[in-house]
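Please examine the structure shown below.

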There are 2 protein chains.
Amino acid sequence: MNAEKIPDIIIGRLPVYLRALQRLADKGIQTTSSQELGEIVGISAAQIRKDISQFGEFGKQGTGYSIPFLVERLRDILKVNGSWDVVIVGMGDMGHALARYNGFGNRGFHISMVFDNDPKKIGQKAGDFEILDTTGMAEKIKGHKIKVAMLTVPAVAAQEMADQLVKAGVKAILNYAPISLNVPEDVRVQYIDPVTHLQRMTYYL
Amino acid sequence: MNAEKIPDIIIGRLPVYLRALQRLADKGIQTTSSQELGEIVGISAAQIRKDISQFGEFGKQGTGYSIPFLVERLRDILKVNGSWDVVIVGMGDMGHALARYNGFGNRGFHISMVFDNDPKKIGQKAGDFEILDTTGMAEKIKGHKIKVAMLTVPAVAAQEMADQLVKAGVKAILNYAPISLNVPEDVRVQYIDPVTHLQRMTYYL
């Protein structure tokens, strides 16, 4: 397996497969097929077989995939068999929603610290967390060797906060601000913007 | 232009181009190139030229794209030159964050009604909206001919609520619940799940 040669578009589908497989596992189901998985996630069975075969031999003709085995392998491949510490920067509505979201823990992530620059918010509670000052954020992130951040500040502040995160050693930023961030090549950014998803659907209406 | 033949993956990139172009327009910039646009959105200039050429002849060698013209065309293509009424179902943290989000209006969407099934929430305010009872939701949505919904209920309730939305005539669902929804072929679903985005990045760490 040569990780660097797998197209990012395939990597992007693996978390979707993993989520579906984990839900089947939660129901006590032990095996599945590319057909069944395809119906759940809305991707063709052929595509699923092709994607999964990139990472080695899974499943056998006629017997299907062992769910626990495939879950384990996908968690290995995506490096979410442990737990990544994550910081949230920006404690508006979205930051609060994420701080209280309970879907991270069993999927490889753990909110570690939350930050804002508003003196009225600093020191307040958000879920289980005390909101920390963004002044001094870089040192705290560096000190804890945190590599993953969620950025939920307003668009005007996003690039400056991203720069601070990059300086602090963060290598993966999930950006909720509706702007494209400039980051060095070794830093990954994923965007969550509800409007782009809505616009992708209105095309078909 | 044969709309049905444009691959969905290209349609998915158009809202990203549109967002970047609108931000350039907001700064008063009148023309851009595929190189400049590519740097902003992190997609190759060649890919951008290829994507945009699917919809006709835009821009000229050497002079670049007219931003107002391209914005107008993309808004036409994506059908966001008007304003779509949208409902939010599920007024937890995420529903509240979306109800107060001010980034919909100038991009083709308008929150019209918000719903929850919790008697303690029904009748309360969320941003400018009164929270309505999900009982009777289908009639209200049908009455207003609303086609677009954002679903922010817990995973266990998501399929049932999606079924009600489909019955009410909704054709586009933005799903924040971490499950895959079963809907008829003529209904589009897009998923927003922060964990799948995070997992897509940890692969590279």
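Q: What makes the pairing of B:Asp193 with A:Arg107 a salt bridge?
A: In this model, the closest N and O atoms of B:Asp193 and A:Arg107 are 2.9 Å apart. A salt bridge is a side-chain nitrogen of Lys or Arg within 4 Å of a carboxyl oxygen of Asp or Glu, so the pair of B:Asp193 and A:Arg107 qualifies. The model is predicted: local features need pLDDT of at least 70, side-chain atom pairs count only at pLDDT 80 or more, and totals for chains, interfaces and linings use all residues; side-chain values use heavy atoms, with hydrogens and water left out. Residues are numbered from 1 along each chain as its sequence is written, while chains are lettered from A and ligands numbered from 1 in the order in which they are written.

Q: How many salt bridges and polar contacts does the interface of chain B and chain A hold?
A: The rule finds eight salt bridges across this interface. It also finds 22 residue pairs in polar contact, both residues being at pLDDT 80 or more. A polar contact is a pair of N or O atoms within 3.5 Å; within protein, one must be able to donate a hydrogen and the other to accept it, and residues adjacent in sequence count only if both atoms are side-chain atoms.

Q: Which residues supply 13% of the area that chain B buries against chain A?
A: About 6,000 Å² is buried between chain B and chain A, with carbon and sulfur atoms giving 63%. B:Arg200, B:Tyr203 and B:Leu205 supply 13% of the share that chain B buries, more than any other three residues. Buried area is the accessible area (1.4 Å probe) that two parts lose on being put together, summed over both.

Q: How many residues of each chain are in contact?
A: The interface joins 62 residues of chain B to 62 residues of chain A, contact meaning heavy atoms within 4.5 Å.

Q: Why are α2(A) and α3(A) called roughly perpendicular?
A: Helix α2 (residues 34–41) and helix α3 (residues 45–53) of chain A pack at about 110°, with axes 8 Å apart. Angles of 65 to 115 degrees count as roughly perpendicular (under 35 roughly parallel, over 145 roughly antiparallel, the rest oblique), and α2(A) and α3(A) are therefore described in that way.

Q: What is the angle between α2(B) and α3(B)?
A: Their axes cross at roughly 110° and come within 8 Å. That makes α2(B) roughly perpendicular to α3(B).

Technical notes. Axes fitted to C-alpha atoms, helices over the stretch in contact; angles between N-to-C directions. Helix = DSSP H or I, 4+ residues; strand = E, 2+ residues; numbered from the N terminus.
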